[in-house]
Amino acid sequence: PTDHVDVFFCFFIMLGVYLAYRFSESKSWWYNAFCGVVIGLAILCKWLPALIVLPIWLLFVQEFKFKLKEVLIHGGILVFTVIAVALPWQLFIHSEYPLEAAWESRYNVIHFYEVLEGQDRPWYFHLDVMRVSYGELVYIPLIWLIVKSIKARTDWKNWAILIWVIIPFLFFSISATKMQAYTMFAAPALFIITAYFI
């Protein structure tokens, strides 16, 4: 029912991760600011799961050995840009349509602790449908990268790709309402992991 929204959201997440990587290797503040704009657009598209880019950004800057001062300055620029893009719409809808905005905000939150629209599934639902969406053998590359990352603990690029998968699957497995498309924005990471394994 939300194909176009999920595709746009997935695109913004992919672009955000790409820009985070380009920023971390070049230290160009343009890439960083553009990354913030893209995360803001992803929030406007499908709300807070867009923040998955932030821990990935942190792991990339760790990979390229940023100093703490650089992380704080560039992280501040990133967060400011995200807020500058995403906040005006929130302020507008809460001032112009307070009842509707409050209802929608509450509805977003109750997905986590209450089953909505008959989407009651077991806790392992997303792990189970991973094979349907990404191929029966997807577990092998995923387990391989987990083992590889544990062995080489400071390979932050591998951890960034894993975090892109682990956080959404963990969060939406804990959530009471479960729909297959909730974890779609992790698809690029699973494709990268599979390609890397091959």
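This is a predicted model: local features need pLDDT of at least 70, side-chain atom pairs count only at pLDDT 80 or more; totals for chains, interfaces and linings use all residues.
Local features were taken at pLDDT of at least 70 and side-chain atom pairs at pLDDT 80 or more, whereas totals for chains, interfaces and linings use all residues. Residues are numbered from 1 along each chain as its sequence is written, and side-chain values rest on heavy atoms, with hydrogens and water left out.

Nonpolar cores were defined as sets of buried Ala, Val, Leu, Ile, Met, Phe, Trp, Tyr and Cys residues joined through side-chain atoms within 4.5 Å. Residues count as buried under 20% relative accessible area, as exposed over 50%, and as partly exposed in between (1.4 Å probe, protein chains only). The largest such core holds 45 residues, and Ile 13, Ile 52, Ile 56 and Leu 190 have the most contacts inside it. At least two residues each come from α1 (3-26), α2 (29-46), α3 (53-63), α4 (68-96), α6 (125-134), α7 (139-151), α8 (156-174) and α9 (187-197). Helix α8 gives the largest share, 8 residues. Helices are DSSP runs (H or I, at least four residues), numbered from the N terminus.

Contact means heavy atoms within 4.5 Å. With neighbours within four places in sequence left aside, Leu 190 is in contact with Met 130, Tyr 134, Val 138, Leu 142, Val 165 and Phe 169. Thr 81 lies in helix α4 and is buried, at a relative accessible area of 13%. Under the same exclusion of neighbours within four places, Thr 81 contacts Ala 33, Gly 36 and Val 37.

Rings of Phe, Tyr and Trp (its six-membered ring) were paired if their centres lie within 6.5 Å; planes under 30 degrees apart count as stacked, over 60 as edge-to-face and the rest as tilted. The whole structure contains 17 aromatic pairs. One of them, between Tyr 21 and Phe 60, is edge-to-face, at 5.1 Å centre to centre and 80° between the planes. Tyr 21 belongs to helix α1 and Phe 60 to helix α3, 39 residues apart. Tyr 21 is partly exposed, with a relative accessible area of 24%, whereas Phe 60 is buried at 6%. Phe 23 and Trp 57 form a stacked pair, 5.8 Å centre to centre with 5° between the planes. This pair also joins helix α1, through Phe 23, to helix α3, through Trp 57, across 34 residues, and both residues are buried.

A charge was taken to sit over a ring if NZ of Lys or CZ of Arg is within 6 Å of the ring centre and within 35 degrees of the ring normal. The charged end of Lys 27 sits over the ring of Phe 66, 4.7 Å from its centre, and that of Arg 121 over the ring of Phe 125, at 5.3 Å.

Salt bridges (a side-chain nitrogen of Lys or Arg within 4 Å of a carboxyl oxygen of Asp or Glu) number 5. Asp 6 and Lys 46 form one at 2.1 Å, N to O; Asp 6 is in helix α1 and Lys 46 in helix α2, 40 residues apart. Asp 6 is buried at 5% relative accessible area, while Lys 46 is partly exposed at 24%. Arg 22 and Glu 25 meet at 3.0 Å, N to O, both within helix α1 and 3 residues apart, about one turn of the helix. Glu 136 and Arg 131 are bridged with their closest N and O atoms 3.8 Å apart, and a network of salt bridges links Asp 128, Arg 131 and Glu 136.
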